[in-house]
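Have the sequence and the model at hand.

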Amino acid sequence: MSINGRKVFLLYPHSVFQDDLIYTLVQSEYEVYRLKDHNRTLRILEKFPDSILFINIDERLDESEWEEYIRGIAGNPALDSIRIGILSYNNDEELKKKYLMDIGITCGFIQLKLGLKESTKIILTVLEASEAKGRRKFVRVSCEHDSSAQFNVRVFDTVVTGKIIDISSIGMAMQFDTDPELQKNTLLEGIQLRLRSSLINLSGVVMGFREEKPKRYVVLFTPKTAASEKTKIRRYIIQTLQGFIESLQV
């Protein structure tokens, strides 16, 4: 089992439910990316050869072209650790047998006609079986290059501000503009986060800090954090992951 888990790529996910599918997978703490170019996908896979790729074979290429494309991945020694799954509305049993038995894909042939809920359930089962999370329990994204990722909070009757370093659905690392010298287990109530266009209100507990200049604090969000605020954080995580993959020079 890897420490950081596997990246999960969706190539041409079906437009009808791609947003709901991606959100549900990120909500389940998988690191998910949408890909929109099958040629560029090959170059991305070379950078992340321990990934999982789900391909919607109903889009862009015809069936014989998809077969050639997938056999090409399976037969490429540089990509032999890539795990492939198929997404399709086609319920042809011979087609399914070809991919599962003849080509030997390892992440299933998922029939989208089953609907979003059932298809997502199958994908989640596949990801769990593939140990796609690794030893990491939560998806965390870096905010260091996002100037909009900021916070403010009242400490000792003074409103202090700072920069979010990274964030997950359960907590964040942060730096204050002026360090208030907080102690471990300090409760911070009324934290306001700004993540691009979203304002998020929650509370957190200081779990520790790194002795460096400036000091970096680790804050765990309290269990009373509203579901609507967690949704905003997850939307930011999705945007940040997608921005990363689209910015790659491959």
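D166 is buried, at 18% relative accessible area (buried is under 20%, exposed over 50%, partly exposed in between, with a 1.4 Å probe and protein chains only). R140 is exposed, at 58%. Their side chains meet in a salt bridge, 3.7 Å from N to O. Here a salt bridge is a side-chain nitrogen of Lys or Arg within 4 Å of a carboxyl oxygen of Asp or Glu. D166 sits in strand β8 (residues 158–167) and R140 in the loop between α5 and β6, so this pair ties together parts 26 residues apart in sequence. Helices (H or I, at least four residues) and strands (E, at least two) are DSSP runs, numbered from the N terminus.

The model is predicted: local features need pLDDT of at least 70, side-chain atom pairs count only at pLDDT 80 or more, and totals for chains, interfaces and linings use all residues. Residues are numbered from 1 along each chain as its sequence is written, and side-chain values use heavy atoms, leaving out hydrogens and water.

The whole structure holds 14 salt bridges. The table lists some of them, including the pair above.

| Pair | N to O distance |
|---|---|
| E31 and R136 | 3.1 Å |
| E67 and R71 | 3.0 Å |
| D166 and R140 | 3.7 Å |

E31 lies in the loop between α1 (18–27) and β2 (32–35), and R136 in the loop between α5 (116–129) and β6 (141–142), so their bridge links parts 105 residues apart in sequence. Both E31 and R136 are buried.

E67 and R71 belong to helix α3 (residues 63–74), four residues apart, about one turn of the helix. R71 is partly exposed, at 38% relative accessibility.
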